[in-house]
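User: Hello! I am new to this structure and would like to learn how to read its features one by one. Could you walk me through them?

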Amino acid sequence: MGAVLRHRLGVASLVVLAAMVLLGVLGPLLAPQDPLVQDPSALLQGPSAAHLLGTDNLGRDVFSRLLAGSRLSLLAALEAVAVGLVLGTVPGLLSVYLGRVFEWVTLRVMDAFVTLPFLVFAVAMTALLGNGLTQAMFAVGILISPVFYRVTRAAAFPVAGSQYVEAARLTGAPAWFVLRRHVWPKVLPAVAVSAAGLLGSSLVIVSSLTFLGIGIQPPEPTWGGMLATDLEYLYQRPTAPFVPALLIILTVGACNGLADALRDVIGAPRGGRVRA
Amino acid sequence: MPDRTSPLLKVRDLAVSLGRGRARREILHGVDLTVRAGEIVGLIGETGSGKTTLARTVLGLNRVDRGTVRVESRPVHGLRGGALRAFRRAGAVQYVFQDPLQSLDPDLPLGRSVGEALEVRREPGIAERVADALRLVGLDPDLAGRLPGEVSGGQRQRAAIARRPVVRRAPAAAVRANRSARSTRRTRTSVLELLARLRDGNRVGQLFISHDLGSVAGVTDRVAVLYRGHVVETGPTAQVVSAPTHPYTRLLIGSAPTVDGGGLGRAERAALRAELVGKAAS
Amino acid sequence: MPEPLLEIEDLSVTAGDRTLVHAVDATVARGGSLGIVGESGSGKSLTCRSVLGILPPGLATGPRTAIRFDGIDLTALAPRDWPSIRGDRIGAVFQDPGSYLTPSMTVGRQLGEVLRVRGGLGRREARDRAVDLFAATGLPEPARVYGQYPFELSGGMLQRALIAIAICREPDLLIADEATTALDVTVQAEVLDLLADLRERHGLALVLVSHDLAVVAQVCDEVIVMRDGEVLERGTAAEVLRAPRHAYTRSLVEAHARYGIERFRSHA
Ligand SMILES: Nc1ncnc2c1ncn2[C@@H]1O[C@H](COP(=O)(O)OP(=O)(O)O)[C@@H](O)[C@H]1O
Ligand SMILES: Nc1ncnc2c1ncn2[C@@H]1O[C@H](COP(=O)(O)OP(=O)(O)O)[C@@H](O)[C@H]1O
Ligand SMILES: [Mg+2]
């Protein structure tokens, strides 16, 4: 992975993402004011010394809300990717290994996931499990799992049929040994590329869901939710949506940039590799 | 203890089918083969004759329809699951792949591949034993840290062979050397020499698999000629080469490129081919 | 001395500042045959590719190299003149016939296409000629093979089909680079017979490349032995086999005597 650090786009993306993570971790500490406290005397104000980015329709400090919202939005996106990764990669690996029945069943299930309309599914899940960001992102995780499933299979398939895997099996190695030693290292890079890309997509999904008010209790700040409020009061504060939108775009861009950088680095021939 | 009277590997009346559903067909039709301690047996046959199928069956990678595979008198053709893994871990049968580039994990240092069998068996002193094995096949132990792509083709070939002696007890070994496309005669012969040296006194028996009798005749004690899933001829190499009885064996030997110009002429080969067609029809 | 068809003078092939092939001289007479022997990486293929004008990107022939084919200086040939040489007057076959054929097209159509586009034959004529050519290369049931896809043919049949394509324009020279290496010995013997036949019947000159001295000696009159991009030894096949001068050539001959079936025949 050291090679990513020599990749210009990769470095830029990592810097942006690190800054966002820092914002998410330290945000609540840095916030000058409580993001939930309303100040009826200062509604929809423009930027000032007291409120760096002004206040919203309930008089809450926008800057503090953005910082707090970073953590929620990022965590939600991470959750979706983590759920998708586990639900996609594990069956993906096993489908190459466990034989035809398991393969057939998982392929059908994954196909079904792909055809589900994601907003409807997310709404249905929150109706079923309760309206919360965790529940909504779990639903998103399920919906992106087919990507991990396919990527894992594509990377694992040639390895599972290779002679070095056969050689390992001929030493009497159990399946988990072969998976860990030979298959997983070939799958990991491909999964990493997808994870970075899907982190960006999940962030967009979090933002759209919270923008629509799905999976979020009203006072909790998220980038998408703030964008929705800002758009309602566009006339009073015309420049306000700019900041949450910029954060979303920057982070999504950085995720995609990282994915591209990883792809470049992995796709490039390694030093010393020769062809017979 | 293996000795001359009890064969290390004994295959009797082995029938194996491959393929699924309607495409399933019998590949080996009742094959007999014996490898004794200290002996190198050549298994020779054209593409598709069933050499790989036979080797894979001996290693427990195919199910048998009929017949037996015994390793040191113990039947192994019915082993499954844990019993099969335990048999493989014991290392009684070792396999050297034909193409070292494909049988070594490209992302794993050579030492890790060579020591894999020891790691699977959780044995101690892996590093020293890997170094010993590398020295035994004429490689610098420092190469253990290199990736397969970072050494020459000949060194890769030796590393692939070093997987075998790393296991102490290694009675029977199956070697695939067919499709000489990728190795020149010179690297191939040095590999043959190396394998012959690994006879390890008289304890190890070896099965050499090749489509070209001419390239392995000199190191084999006996040969078995496989033709369309049947062993059509078997015997001491000198006898099979100088007085072949089956028309396919005669064709095989007469077609081998030689430096002494002793091959068969075109008409003689055509006659043998006609004889084979006649045999197949009857 | 018959008139030379191909003259290679001081051939060198470089990749940047690395020299891969150095000072190779070789001549092939009209209707003659030259065998090139050497271990893998000795520069055999680069020598052939230089003649065909298809060196891999990044490689180039040296400034003093001269390759003359029937009086034409190939090193100075403009790209638009190459099609009238390569394919038309110099045919070539390589080790892996499968990768030189389009998998989704019958082998007959692939040969027919060449005959129609390069030879200007009509559809019917091209078909008849293709079947004739398949028959001439010893393919059984040539009319059936015409309609078959590459994956339906064995390695030996594919190589024959490729030879048919290589000779369809009646070239003066055929270059066969390890063309029999991937084949079973019994099939190899037949393909070598075919090459010898083509020489005899059509006066086709032949450059035959192999890592096996015995293969080359079976078909060719003249042999050069290469190692590390240089020619170590040259002579008639009989000379090189009976009295190899260079230690490396001797080791090639001795390996046969030691490991091959020759060892058993000598006292039979
Ligand atoms: N997995 C398989 N399914 C069906 N047929 C197979 C399979 N593997 C090999 N065969 C067939 O079995 C025959 C023998 O193959 P193989 O043992 O690989 O021959 P060899 O090693 O002598 O070239 C061939 O006709 C081949 O097509
Ligand atoms: N495209 C290339 N770039 C750099 N080196 C090459 C290339 N092709 C071949 N070589 C090198 O040139 C030498 C001769 O190669 P080649 O003519 O293919 O050998 P042969 O055909 O005798 O096996 C080898 O050392 C090979 O590694
Ligand atoms: Mg070559």
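**Reading the ligand sites and the interfaces**

Analyst: Gladly. Ligand 1 is surrounded by Leu18(B), Gly19(B), Arg25(B), Ile27(B), Glu46(B), Thr47(B), Gly48(B), Ser49(B), Gly50(B), Lys51(B), Thr52(B) and Thr53(B), where a residue counts if one of its heavy atoms lies within 4 Å of the molecule. This is a predicted model, in which local features need pLDDT of at least 70 and side-chain atom pairs count only at pLDDT 80 or more, while totals for chains, interfaces and linings use all residues. Residues are numbered from 1 along each chain as its sequence is written, chains are lettered from A and ligands numbered from 1 in the order in which they are written, and side-chain values use heavy atoms, with hydrogens and water left out.

User: Which atoms of Gly48(B), Ser49(B) and Thr52(B) lie by an oxygen atom of ligand 1?

Analyst: Here we look for polar contacts, that is, pairs of N or O atoms within 3.5 Å; within protein, one must be able to donate a hydrogen and the other to accept it, and residues adjacent in sequence count only if both atoms are side-chain atoms. Gly48(B) uses a polar backbone atom, 2.7 Å from an oxygen atom of ligand 1. Thr52(B) brings a polar side-chain atom to 2.5 Å from a ligand 1 oxygen, and for an N or O atom in the side chain of Ser49(B) the distance is 3.2 Å. Taken alone, ligand 1 exposes 560 Å², and the protein buries 62% of that; accessible areas come from the Shrake-Rupley method with a 1.4 Å probe, and for residues only the protein chains shown count as cover.

User: Which element gives the most to the shell around ligand 1?

Analyst: Elements are DSSP runs numbered from the N terminus: helices (H or I) have at least four residues and strands (E) at least two. Strand E2 (25-35) and helix H1 (51-58) of chain B give two or more residues to this shell, and H1(B) gives the most, with three residues. By class, the shell around ligand 1 has two nonpolar, seven polar and three charged residues. In this scheme Ala, Val, Leu, Ile, Met, Phe, Trp, Tyr, Cys and Pro are nonpolar, Asp, Glu, Lys and Arg are charged, and the others, Gly among them, are polar.

User: Now the other ligand. Which residues are around ligand 2?

Analyst: They belong to chain C and include Arg18(C), Glu39(C), Gly41(C), Lys44(C), Leu46(C) and Pro56(C). A polar backbone atom of Gly41(C) is 2.6 Å from an oxygen atom of ligand 2, while Lys44(C) reaches a ligand oxygen with a polar side-chain atom at 2.9 Å. Leu46(C) has a backbone N or O atom 2.8 Å from an oxygen of ligand 2. The protein buries 63% of the 560 Å² that ligand 2 exposes when taken alone. H1(C) gives the most to this shell, with three residues.

User: How do I read an interface, starting with chain B and chain A?

Analyst: The size of an interface is often given as the accessible area lost when the parts come together. Chain B and chain A bury about 2,400 Å² between them, 53% of it on carbon and sulfur atoms; buried area is the accessible area (1.4 Å probe) that two parts lose on being put together, summed over both. Arg88(B), Phe97(B) and Glu116(B) lose the most area in chain B, together 21% of what that side buries. Contact, meaning heavy atoms within 4.5 Å, links 29 residues of chain B with 23 residues of chain A.

User: And how many salt bridges does the rule find across the interface of chain B and chain A?

Analyst: Side chains of opposite charge can pair when their charged atoms come close. The rule asks for a side-chain nitrogen of Lys or Arg within 4 Å of a carboxyl oxygen of Asp or Glu, and it finds four between chain B and chain A. One pairs Lys186(A) with Asp105(B), the closest N and O atoms being 2.7 Å apart. Glu119(B) and Arg181(A) also meet in a salt bridge, 2.3 Å from N to O. Glu119(B) lies in helix H5 (residues 116-120) of chain B and Arg181(A) in helix H7 (residues 175-211) of chain A, so this pair joins two chains.

User: How many residues take part where chain B meets chain C?

Analyst: This contact takes 38 residues from chain B and 34 residues from chain C. The two chains bury about 3,200 Å² between them, 58% of it on carbon and sulfur atoms. Four salt bridges cross this interface, including Arg269(B) with Asp193(C) at 3.1 Å between the closest N and O atoms.
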